[in-house]
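Hello! Here is the structure I promised to pass on to you. Have a look at it first, and then read my notes below with the picture open beside them.

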Amino acid sequence: MEERLKNNYAIFFDKSVVLKISRWAGIIAWVVLVVYLLTSSISFAQFMTQFVTGVFYQKGMSIFDLLGFFTPYLMQSIPGAVYFFGLKFVENGLLILMEIEESARRSARSS
């Protein structure tokens with residue numbers, strides 16, 4: 001089967017390479033998400049220990065000043081989620097495009 005695919009010059013890609021790239025994109029997506037969530041949770045835990053002990057408290061602070069302390073720590077994981085969904089899009093997009101190409105070949109062979 002593989003020999004037949006390698007000698008077929010109408011195929012523009014190597015199926016095994018596309019599957020490897022797709023698989024690695026999925027693995028890297030999960031690794032990136034875990035790293036971002038881990039670093040942001042450690043950073044948030046460190047902030048909370050400092051916040052609870054009173055390091056960040058200043059006399060005359062309003063509730064908006066207090067909420068401003070939390071915003072950067074909670075937004076640290078957003079780039080990780082964007083990278084995750086982007087890599088998962090690449091993974092599934094490659095698989096879908098490969099399936100479309102194979103479906104077109106099957107329908108061309110049958111007619």
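**What I found**

Reading along the sequence, you will see that the protein chain follows the pattern α-α-α-α. In other words, its secondary structure comes to four helices and zero strands. Please keep in mind that this is a predicted model.

Two numbers describe the chain as a whole. It has 111 residues, and buried residues make up 14% of them. Now take the contacts in the chain with a separation of 6 or more: residues 24 or more positions apart account for 80% of these.

**Helix 2 and helix 4**

Start with helix 2, which covers residues 15–52, and helix 4, which covers residues 78–110. How do these two helices lie against each other? They pack at an angle of about 165 degrees, and their axes are 8 Å apart. Angles over 145 degrees count as roughly antiparallel, and helix 2 and helix 4 are therefore roughly antiparallel to each other. The crossing in which helix 2 passes helix 4 is left-handed. As for the residues of this contact, they divide into 19 nonpolar, three polar and four charged.

Some pairs of residues let you follow the two helices on your screen.

- A81 has its place in helix 4. A81 has a relative accessible area of 26%, so it is partly exposed.
- G86 is also found in helix 4. Between the C-alpha atoms of G86 and A29 there are 8.1 Å, and along the chain the two are 57 residues apart. With a relative accessible area of 33%, G86 is partly exposed.
- V31 is in helix 2. V31 and F84 are 53 residues apart in sequence, but 8.7 Å apart in space. V31 is partly exposed, since its relative accessible area is 47%.
- G26 lies in helix 2. In sequence G26 and F85 are 59 residues apart, and in space they are 9.8 Å apart.

**A closer look at G26 and E91**

Is G26 buried or exposed? Its relative accessibility is 5%, so G26 counts as buried. Leaving out residues up to four places away in sequence, G26 touches K88 and E91.

That brings us to E91, which is found in helix 4. E91 has a relative accessibility of 13%, so it counts as buried too. Which residues does E91 touch, if we again leave out those up to four places away in sequence? They are S22, A25 and G26. There is also a polar contact of 3.0 Å, which joins the side chains of E91 and K88.

**Helix 2 and helix 3**

Helix 2 also packs with helix 3, which covers residues 63–74. Here the angle is about 160 degrees, and the axes are 9 Å apart. With the cut-off for roughly antiparallel set at angles over 145 degrees, helix 2 and helix 3 are therefore roughly antiparallel to each other. Helix 2 passes helix 3 in a right-handed crossing, whereas its crossing with helix 4 is left-handed.

Which residues make the contact between helix 2 and helix 3? On the side of helix 2 they are S43, F44, F47, M48 and F51, and on the side of helix 3 they are L66, F69, F70, Y73 and L74. These residues divide into nine nonpolar, one polar and no charged.

**One more residue: S40**

Last, please find S40, whose place is in helix 2. S40 has a relative accessibility of 9%, and buried means under 20%, so S40 counts as buried. Not counting residues up to four places away in sequence, S40 touches Q76 and S77.

Enjoy exploring the model, and write back with any questions!

Key: Residues numbered from 1 in each chain as written. Predicted model: local features only at pLDDT ≥ 70, side-chain atom pairs only at ≥ 80, totals over all residues. Heavy atoms only, no water. Axes fitted to C-alpha atoms, helices over the stretch in contact; angles between N-to-C directions. Parallel < 35°, antiparallel > 145°, perpendicular 65-115°, else oblique. Left-handed = near helix turned anticlockwise from the far one by under 90°. Nonpolar A, V, L, I, M, F, W, Y, C, P; charged D, E, K, R; others polar. Contact = heavy atoms within 4.5 Å. Buried < 20%, exposed > 50% of the residue type's maximum accessible area, 1.4 Å probe, protein only. Polar contact = N/O pair within 3.5 Å; in protein donor to acceptor, adjacent residues only side chain to side chain.
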